[in-house]
Each structure stands twice: as C-alpha cells, then as structure tokens.
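Here are my notes on this one, written as numbered points. Have the viewer open beside you and pick out each residue as you go.

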Amino acid sequence: MTIVEKIMEAKQKKIKQFPVHSNRASDLGHPCVKYHVLNRTRWQEKELHDANLQAIFDLGNEYEQIIMKELNEAGIPVIEQQRPFEWREYQITGHIDGKLLIDGKTIPFDAKSCSPFVFDYIQDIKSLVNGKYPYLRKYPTQLNLYMLMSNSECGLLLFKNKVSGQYKEIWMDIDYELGEETLKRAEAINRHLAEGTTPEPIDDPFWCNDCPYVHVCLPPMDGKEVEILDDDKVAAMLDRMDELKPFVQEYYQIDDELKRILEGKEKVLIGNWIITGKWIEKKSYDIPAEVREKYATVTRYWKRNIEKVSVD
Amino acid sequence: MEQEREQEREIVEAEVVDSSIVPVAGEALVELAAQAERRVEAINKIKQYSLRLTQPGDWIDQNGRPYLQVSGAEKIARLFGISWRIDEPIREELEGGHFIYTYKGYFSLAGAEIEAIGSRSSKDPFFKRYIYVNGQRKELPPTEIDPGDVKKAAYTNCIGNGITRLLGLRNISYDDLEKVAGIKREQITHIRYGDKTKQDDSTTPAEPQEIVGEVVDVRMKKGKTKAGKDYTLYTIIVGNDQYKTFSETQAKIAKEAKETGTPVAIRFTSDSYGHNIESIELGVREPGEEG
C-alpha cells in the first residue's frame, strides 16, 4: 500500500451514516420533504459519500480552526463557539460556528471554506440562494434559522478561499419569508413522521440528479424526447456561428476598451481612423412600481440555448 | 456522405421490443410497419449521436471491448430524453450473510419500451471491506458491508443497463467507437500522467502511468539473484501488456481480480526491462457498473 492509499483508507473509515433524529438546520434548505422524511426514516439506506469528499470535509474542518485563529488574531471576539441549538417545536437542531461580538451586538456566523472557483462565484446572498450547487443553496436557510433561533437581525457567512487564503464576507438580513417556508417544511416532515406517511418527491433535476436517496425514492424519469432535424444548412450555420464566436467576444472586448479610452474626446485622429463623439442625453422615467404594475403586459419570446454536443 | 451514413447505420442495430403484439391486417399492417421503420430509424440516429456525445472518460475497457460507464449513459439519457420508471427492489439473502439487490426498470424512447434489470451482490469485491493487520489484508464479514451502497449500485446498474440496451450501446467495438466518435482504444485504457516525451527520454526518470483493465493472467517465476538470494517474480497480464512485481500482495490482488472479473488500476513505471508495478488497485469501476 502506498502512503496515499493509506491516507485514503483512513478517510474511508471515517465515512459512516448515523441515525437522524431531527431536522438538521444545515440540511433544511433542501426543498424536498420526501428527502427529509427518508433522511429520518431510512437513513441506513442513504448513499454514502466517497473518500475524496471526506477529504474535502476534513480540510473544511481544518480551515474552520484556521478561520477562528485568524479572527482571534484580528481581535474580533468570537463567543458561543460550536453551541448546539434546538428548536423542539419543529424538531430542528444544529450548531453554530459562533457569534461575533461587534459594537456590543452578537452576530451569528458560519465559517465556510471553498474552492477559488466558488469563491469568485459568490458575490452576495442572492448568489447563494440561486447557487450553482445544492450545498450553496442550503447556506442561507441554515444561517437564517440561526438568526431566528437567536433573535438576531443579521448574520454572516464568512468564506475563505482554500488556495489564496483570502476572505469574503456575505451578510444576510433575517428573512422571515424564508423562515416561514423552512418552518412549514419542518412541520410537514414532522407530520409525515407522526402519521407514518411518505410524501411525493419534488421533480427537479437540480436536486434529484445527485440525491443520495434516488434508489429509495425511485422517481420516474419523464424525459423530454429530442427531435432530430436533418438539415445540413442549419447545421452548417451553427458550425459557422461557433467559429465566429471568439471574434465576437474579441470585438466586444475591444469596443468596451475603446469606449473607455475615447470617452469625452470629440474628434480624434489615430492611425488609419478618425473618431468623433458627443454626449447624448437620454430621458428616463422613474415610475413607482405600483403604477408601473398597472401597465404591465405579458409578452412571450422563444428562449433558446445552443450547446455543442459533439466534437468532430 | 450518404455512404458514410449507411456505414454508420450498420454499426448499431436497433433493439426495439414492443410490449404487445396485436393482430392486424391490410393497410393497418402497412402503417404499423412504416411506423416501426420510422421508429427504428429514429433510434438508430440517436445511437449514432449518442456515441458522438461521449468522451473517452465515459468508457472503460472490459474484456477487450469498450464499455460505456453509467455516468456516460446518464448523460446521454438526459440529453435525448429517455424516460424510465423503476420498481421497488427485491432483496435476496445469500449464504454466509451476503445479500443481493435487484431492481427492474422500464425504459422508453421514441415509442419503444424495454425492460431491464440491475443487480448487485454484497459478494462483489467492490464492496468488500478490509483491515490490515501486520501488513496483511484481512477481509471483514458481510455485516460490515454497507447495504445502502449495494442497493444504490444495483439501482445504478439497472439505469445503466436500461439506457445502454435501449440505445443498443452494449456491443460496440473499438473500430465502431473510433469511426463514429473518434475515440481510440488507448484513450480509454491508459491514463497518462506527465509528458510522454519525457518518458521516452532515458535520462529522465520515468513518469508513472496508469492502466485500467482486466487481468488476463497472473504468472509466477522463481529464481535466484546473482548473490544467490531467492526471488519470486510475478507477471500480471492486462490486455496484451505485461506488468511485473516482486510483491506477493500485489499478485494476490491481481489473482482475485482475474477470478472475479473485476477491473484493476495498475500504476507503473517503464524502463528497458518492461513495466514495473508501483501499485495495483481493485474495483476501479463505479458501483453499479457491470462486470
């Protein structure tokens, strides 16, 4: 056995599934009630994650320690570290990474380490609510529950880039609408548990495709069948469009750069080109939303997505 | 172009199973035949596109033939809109505390429906758990095998079987794969690390490479070194290549792989004497794959 194999074997040994006796705050952002019911009733059958993912989890725990140390070094007091929470009425449990003591206020926060790609992707709480990955979408629900449970008006998700070590702070105001939605979900889970029933699953590939209970849930797959067009002309047009794509991107890049350089210059001679410009005034109307709503009409358009499926 | 298409059509045969046969006559029969023809043609086209959609990483080599992994099959299924429904699984108890899960599914596309099953046994080496005591590998009892893993693998196996059967992607040859998808055999079986040119440079230490495949044979040769010391050299044959090791443990893993038909991943370096094994690993396939 190589050293790497031994390490991975040790990771593998850590992977265990424990009984689930409550609705975990960190998981309640998952919108499928059936998933949660199965998590409580058939947790033994959950597909376990692999050693590679375990390695990422372990690294995340290490980073959490680093984040706490660096907050301490920065003189930011952290209290109630790893304090467990329980909301008995809804059978919700969780534990919070800590609370920051800022200007006499306590702010619940959760420390998250992430890849450089995710670090760049995250800009605000919306980018998490609509996150690219299921786990990102669970973060706001988790933090919101901590805020609800601790009567805090705002909370913080502190992200650390695992490669560069840089930080990004994503603040969140308490979201009562999200809170109500989450608590209703918890109530629905608890009701099914009490009555011994299993709800219908959601039908959303975003959540279903990698669901660890797919082999228990057995959701039917209703595929939208593809229509194959035998049209060489259209196929050639798409190929040509693809060939031109880099040029379009370069064109807009240069155009943006030129706009920046030449803004405010009324008449310029440069190389083979003469460039003129002037300020144009544009009138706009700030109409209150309720007035605008009265004049709203619904139109429709065909939204298409072109994706290359084969390389030949 | 037309000739090429004809050739491509020959590659994959439609595997259409109608769920019932209704007696018909006259024009209705002609219409039915025309419908069936259109259906076969549609499925054949989808099969050709399916192959072109795949990447080398979607395939593994099993018994010298390319085998589409479940992840690749699911990718194709999503794109073409294959529908399915799966029955509740059946669990059977086997001797020695082992068990087997079987799923049955119904897969449809372009009006054709087929049935497929997928099963996985806890006896599969992929699920076995081991502990190492004084450097010796010891197999843990079946109670230590995670039933959820076996169950999920059976489900995945069913999905993979259904999709590949429906699309007729089960008996593809390397020639077909290269002709239609441009994927060559060496892209599937060899995962190379580092720059090949460096490996060919005798002054540079050889970069480790990895091969994934099935063990054809394990041979043993005993001898004495010049210093008079006994040695045992094991030769593990994968495909047409030979990989050498002095490790009895590695030879045992290879033997087990050969007996169970489980693919192995061999990490090796090459020199003027051949390929020398650095490590060998069982069960490189994903849970749910056939084999």
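1. Let's start with one residue: B:I163 sits in helix α4 of chain B. (Helices here are DSSP runs of H or I with at least four residues, strands are runs of E with at least two, and both are numbered from the N terminus.) B:I163 has 28 C-beta neighbours inside 10 Å, so it counts as buried. The cut-offs: buried takes 20 or more other C-beta atoms within 10 Å of a residue's own, exposed takes 12 or fewer, and partly exposed is in between, with C-beta atoms placed from the backbone.

2. A word on the model before going on. It is predicted, so local features need pLDDT of at least 70 and side-chain atom pairs count only at pLDDT 80 or more, while totals for chains, interfaces and linings use all residues. Residues are numbered from 1 along each chain as its sequence is written, and chains are lettered from A and ligands numbered from 1 in the order in which they are written.

3. Which residues does B:I163 touch, leaving aside its neighbours within four places in sequence? They are B:A73, B:I76, B:A77, B:I82 and B:F107, where contact means C-beta atoms, placed from the backbone, within 7 Å. Take B:A73: it is 90 residues from B:I163 in sequence, yet 6.2 Å away in space, C-alpha to C-alpha.

4. Now zoom out to the largest nonpolar core, which has 42 residues. (A nonpolar core is a set of buried Ala, Val, Leu, Ile, Met, Phe, Trp, Tyr and Cys residues joined through C-beta atoms within 7 Å.) B:I163 is among those with the most contacts inside this core, as are B:I82, B:F107 and B:L166. Helix α4 (residues 147-167) of chain B gives the largest share, 9 residues. A second, separate core has 34 residues, including A:A25, A:V37 and A:C217. In soluble globular proteins, nonpolar side chains tend to be buried together.

5. Staying in chain B, have a look at helices α2 (residues 27-53) and α5 (residues 174-181), which pack at about 85° with axes 8 Å apart. That makes α2(B) roughly perpendicular to α5(B). (Axes are lines fitted to C-alpha atoms, for helices over the stretch in contact, and angles run from 0 to 180 degrees between N-to-C directions; under 35 is roughly parallel, over 145 roughly antiparallel, 65 to 115 roughly perpendicular and the rest oblique.) B:Q48, B:L51 and B:R52 of α2(B) meet B:L177, B:V180 and B:A181 of α5(B).

6. Over to chain A, with its 11 helices and 10 strands. Buried residues are 20% of its 312 residues. Helix α6 (residues 134-150) of chain A has 17 residues and spans 25 Å from first C-alpha to last, close to the 24 Å expected at 1.5 Å a residue (that is, 1.5 Å times one less than the number of residues). Its buried residues include A:Y139, A:L143 and A:M147. Just after α6(A), A:N151 has a positive phi of about 55°.

7. How do α6(A) and helix α7 (residues 176-195) of chain A cross? Their axes come within 10 Å and cross at roughly 95°, so the two are roughly perpendicular. The α6(A) side of the contact is A:P140, A:T141, A:N144, A:L145 and A:L148, and the α7(A) side is A:L178, A:G179 and A:T182.

8. Finally, the two chains meet: 21 residues of chain A are in contact with 24 residues of chain B.
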